[in-house]
Amino acid sequence: MDSIMEATKVSFSYDEEPDSPLVLDGVSLSVHRGEFLAVLGHNGSGKSTLAKHFNAILLPREGRVMVDGMDTADEDRLYDIRQTVGMVFQNPDNQIVATIVEEDVAFALENMGVPPADIRQRVDDALKAVGMYDFREHAPHQLSGGQKQRVAIAGIIAMRPKCIVLDEPTAMLDPRGRAEVMRTLRGLNRDHGITIALITHYMDEAAQCDRVVVVDKGKLLMDGAPREVFRQVDRLKAVGLDVPQVTELMHELRQAGLAVREDIITEEDCVAELARLLEGSGR
Ligand SMILES: Nc1ncnc2c1ncn2[C@@H]1O[C@H](COP(=O)(O)OP(=O)(O)O)[C@@H](O)[C@H]1O
Ligand SMILES: [Mg+2]
């Protein structure tokens with residue numbers, strides 16, 4: 001498959017000393033054009049470090065990172081690489097710079113020298129894409145956490161990147177804000193063809209993605225469709241991760257001797273499986 005972001009045998013340490021401990025240890029990961037990837041891993045496993053390799057904030061000590069055909073070590077391509085891969089971080093307050101929503105979304109475009117007429121169009125498109133167009137004249141500090149994060153995402157979308165890498169964008173949000181951001185990301189992926197790599201510690205978010213990778217101690221431990229990864233409940237628990245609640249429920253029912261499916265990751269499937277079970281028991 002065609003990859004748009006590709007890490008090949010990447011090793012990295014924050015310490016310059018040659019034999020210092022590695023934070024990334026031979027990571028190879030190919031993110032395919034148009035996919036929605038989730039990256040899971042316990043705290044300190046190297047997820048943020050890996051994310052920062054995808055837009056050349058960090059460069060590998062060994063190995064190579066390619067972004068849409070460009071080597072991130074090639075300084076001449078730095079601008080193009082950052083145009084191709086936008087980054088969104090945990091705290092929306094640290095990413096919002098202006099006092100009016102639409103000015104915030106326009107900020108980077110102005111710095112890039114985009115002509116004013118194009119800026120207007122791009123800001124409107126970006127705000128519509130994240131469902132925040134009606135709030136364009138509001139002050140960011142009056143918005144909810146989920147709305148602020150959507151404005152931060154609009155600021156990235158306005159640069160028309162092919163990929164967005166998000167590092168725990170919902171960690172500071174309430175359940176409603178989290179759901180808003182996930183809905184927005186799914187729309188950007190599906191309707192605008194933007195490739196998304198989402199670092200999250202929410203298993204229900206990972207369950208909504210096309211593919212899940214698990215990072216542990218700087219290495220890639222698992223890689224597969226959400227159903228395939230989450231059915232390995234014991235292996236995930238061994239590296240300090242949970243599974244979606246519905247998967248956990250099915251796992252416990254199975255351990256109690258009931259013949260339920262082990263690849264349940266959505267509430268809908270869980271309800272259907274429970275209904276099937278109850279019918280089977282003659283109720
Ligand atoms: N700027 C830094 N300087 C030194 N060590 C760091 C820095 N950032 C992260 N680390 C270390 O690198 C390891 C991986 O961190 P990180 O990539 O942030 O993991 P995660 O995002 O999975 O929690 C951790 O041991 C962390 O302490
Ligand atoms: Mg992190």
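A: A residue counts as buried here if 20 or more other C-beta atoms lie within 10 Å of its own C-beta atom, the C-beta atoms being placed from the backbone. By that criterion, 41% of the 283 residues in the protein chain are buried. The model is a predicted one, and the values that follow are computed from it.

The protein chain contains eleven helices and ten strands, and its C-alpha trace spans about 70 × 50 × 30 Å along the principal axes. Its radius of gyration is 20 Å, which agrees with the value near 19 Å that a compact globule of 283 residues would have. Of the contacts between residues at least 6 apart in sequence, 63% join residues that are at least 24 apart.

Strand pairing can be read in two senses. Strands of a sheet pair through backbone hydrogen bonds, and they do so either parallel or antiparallel.

The antiparallel case is an open sheet of four strands, arranged in the order β2-β1-β4-β5. At its edges stand β2 (24–32) and β5 (70–71), each of which has a single partner strand, so one side of each is left without a neighbour in the sheet. Strand β1, residues 3–12, is joined to β2 by six bridges in the antiparallel sense, and within that pairing A7 stands opposite L29 of β2. Towards β4, which covers residues 62–67, β1 makes five bridges, again antiparallel; here E6 has M66 of β4 as its bridge partner. When you inspect these positions, bear in mind that in a regular strand the side chains alternate between the two faces of the sheet.

The parallel case is best followed from strand β7, residues 163–167. Four of the five residues of β7 are buried, so this strand is largely enclosed by the rest of the structure. Strand β6, residues 85–88, runs parallel to β7 and is joined to it by four bridges, with M87 standing opposite V165 of β7. Strand β8, residues 195–199, also pairs with β7 in the parallel sense, over five bridges, and in that pairing I164 stands opposite I196 of β8.

One is the surroundings of ligand 1, which include V23, G41, N43, G44, S45, G46, K47, S48 and T49, together with Y14. By class, that shell divides into two nonpolar, seven polar and one charged residue.

The other is the division of the chain into domain 1 (3–243) and domain 2 (244–283), whose C-alpha centres lie 33 Å apart. Nine residues of domain 1 are in contact with eight residues of domain 2. On the domain 1 side, the elements that give two or more residues to this contact are α7 (203–206) and α8 (226–230), with α8 supplying the largest share, three residues. That side of domain 1 has six nonpolar, no polar and three charged residues.

Notes. Residues are numbered from 1 along each chain as its sequence is written. Chains are lettered from A and ligands numbered from 1 in the order in which they are written. This is a predicted model: local features need pLDDT of at least 70, side-chain atom pairs count only at pLDDT 80 or more; totals for chains, interfaces and linings use all residues. Domain bounds come from an automatic or database domain assignment. Two residues are in contact if their C-beta atoms, placed from the backbone, lie within 7 Å. Ala, Val, Leu, Ile, Met, Phe, Trp, Tyr, Cys and Pro count as nonpolar, Asp, Glu, Lys and Arg as charged, and the others, Gly among them, as polar. The radius of gyration is taken over C-alpha atoms; the globule rule is 2.2 Å times the number of residues to the power 0.38. A residue is buried if 20 or more other C-beta atoms lie within 10 Å of its own, exposed if 12 or fewer, and partly exposed in between; C-beta atoms are placed from the backbone. A residue is near a molecule or strand if its C-beta atom, placed from the backbone, lies within 6 Å of it. Two strands pair if DSSP finds at least two bridges between them.
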